[in-house]
Amino acid sequence: MATKKIIFQGELGANSDIACREAYPDYEPVPAATFEDCFTALESGDVDLGMIPIENSVAGRVADIHHLMPTAKLHIIGEWFLPIRNQLMAPKGATLATIKTVQSHVMALGQCRKVIRDLKLTPVIGADTAGSAREIAEANDITRAAIGSRLAAEIYGLNILKENVEDESNSTTRFVVLSPEKKWAKPGNGKVITTFVFRVRNLPAALYKAMGGFATNGVNMTKLESYMVGGNFFATQFYADVEGHPDDTALVHALEELAFFSKELRILGVYPAHPYRNTFKEDGED
């Protein structure tokens with residue numbers, strides 16, 4: 001039987017690759033150059049699943065995904081949370097004293113400013129973390145280092161000169177698992193997340209009224225983001241996550257109210273909440 005495949009954006013050793021291996025150890029991780037390539041491979045059936053980053057607790061949302069998701073014929077069937085740990089790595093023979101530059105994705109460089117400053121390194125922006133590790137390994141120059149994952153260091157044969165160099169230890173990336181097949185979680189079997197996109201009607205206080213159904217029915221909305229559609233300032237679409245199943249009475253009523261004030265409403269997925277969500281709490285909560 002052929003091994004099932006899960007696609008991700010980036011090169012082998014990227015954080016998305018790690019998420020694939022952790023969440024689906026029996027699947028073969030397949031790298032792709034762009035998010036568009038991931039979506040195309042999923043829609044054509046070349047791969048079974050996709051592991052797509054949607055937001056980071058420090059850096060915020062991955063903007064491309066919100067524009068790709070609403071038009072794709074794909075479904076969210078799960079989520080995964082991955083703590084981000086950045087390693088400072090270089091070719092064999094290099095030391096903290098020999099390295100002069102450090103290359104990585106701009107986001108990773110921004111998350112590791114302290115070590116870059118302390119070691120007086122010149123940052124070099126690369127396409128991504130794993131690709132930077134590969135380039136540094138190929139150059140085999142003891143003055144050049146990279147920042148990336150431990151897996152990237154293993155794959156490309158680099159030595160880790162300094163571990164966990166991120167400025168903030170709480171950096172976590174949330175991924176969604178995409179499938180060409182609709183697969184809703186069953187109700188009454190643990191916490192469920194429902195993700196949907198919608199556009200409100202052009203009416204006074206339409207968004208306020210649309211959101212009212214969630215408050216009055218006691219539905220917890222954990223995410224609400226807006227973004228423009230088609231380059232128009234007046235065409236705004238919203239992306240939302242709520243706790244609950246569309247078959248739950250409270251969410252049925254909330255979605256009915258939302259639909260009344262919306263010109264478009266599409267559920268992207270109904271999937272089990274990741275256990276990491278149990279660690280969420282506001283400051284001051286026990």
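This is a predicted model: local features need pLDDT of at least 70, side-chain atom pairs count only at pLDDT 80 or more; totals for chains, interfaces and linings use all residues.
Visitor: What makes β7 and β9 a pair?

Guide: Two strands pair if DSSP finds at least two bridges between them. Three bridges join β7 (residues 101-105) to β9 (residues 144-148), so the pair qualifies. These two strands run parallel. Valine 102 has alanine 145 of β9 as its bridge partner.

Visitor: What is the strand order in the open sheet of five strands?

Guide: The order is β8-β7-β9-β6-β10, and the pairing is mixed.

Visitor: Why are β8 and β10 said to stand at the edges?

Guide: β8 (122-126) and β10 (159-162) each have a single partner strand, so one side of each lacks a neighbour in the sheet. On average, neighbouring strands here are turned by 35° against each other, direction ignored.

Visitor: Which helix lies across β6, β7, β8 and β9?

Guide: Helix α6 (residues 129-139) does, running at about 155° to β9.

Visitor: Why is a set of residues called a nonpolar core?

Guide: Its members are buried residues of listed types, such as Ile, Phe and Leu, joined through side-chain atoms within 4.5 Å. The largest such core here has 26 residues. Ile7, Phe39, Ile52 and Leu178 are among those with the most contacts inside it. Five residues, the largest share, come from α2.

Visitor: What does leucine 178 touch?

Guide: Its contacts include Phe39, Ile52, Met69 and Ile76, leaving aside residues up to four places away in sequence.

Terms used. Residues are numbered from 1 along each chain as its sequence is written. Side-chain values use heavy atoms; hydrogens and water are left out. Helices (H or I, at least four residues) and strands (E, at least two) are DSSP runs, numbered from the N terminus. Axes are lines fitted to C-alpha atoms, for helices over the stretch in contact, and angles run from 0 to 180 degrees between N-to-C directions. Contact means heavy atoms within 4.5 Å. Buried means under 20% relative accessible area, exposed over 50%, partly exposed in between (1.4 Å probe, protein chains only).
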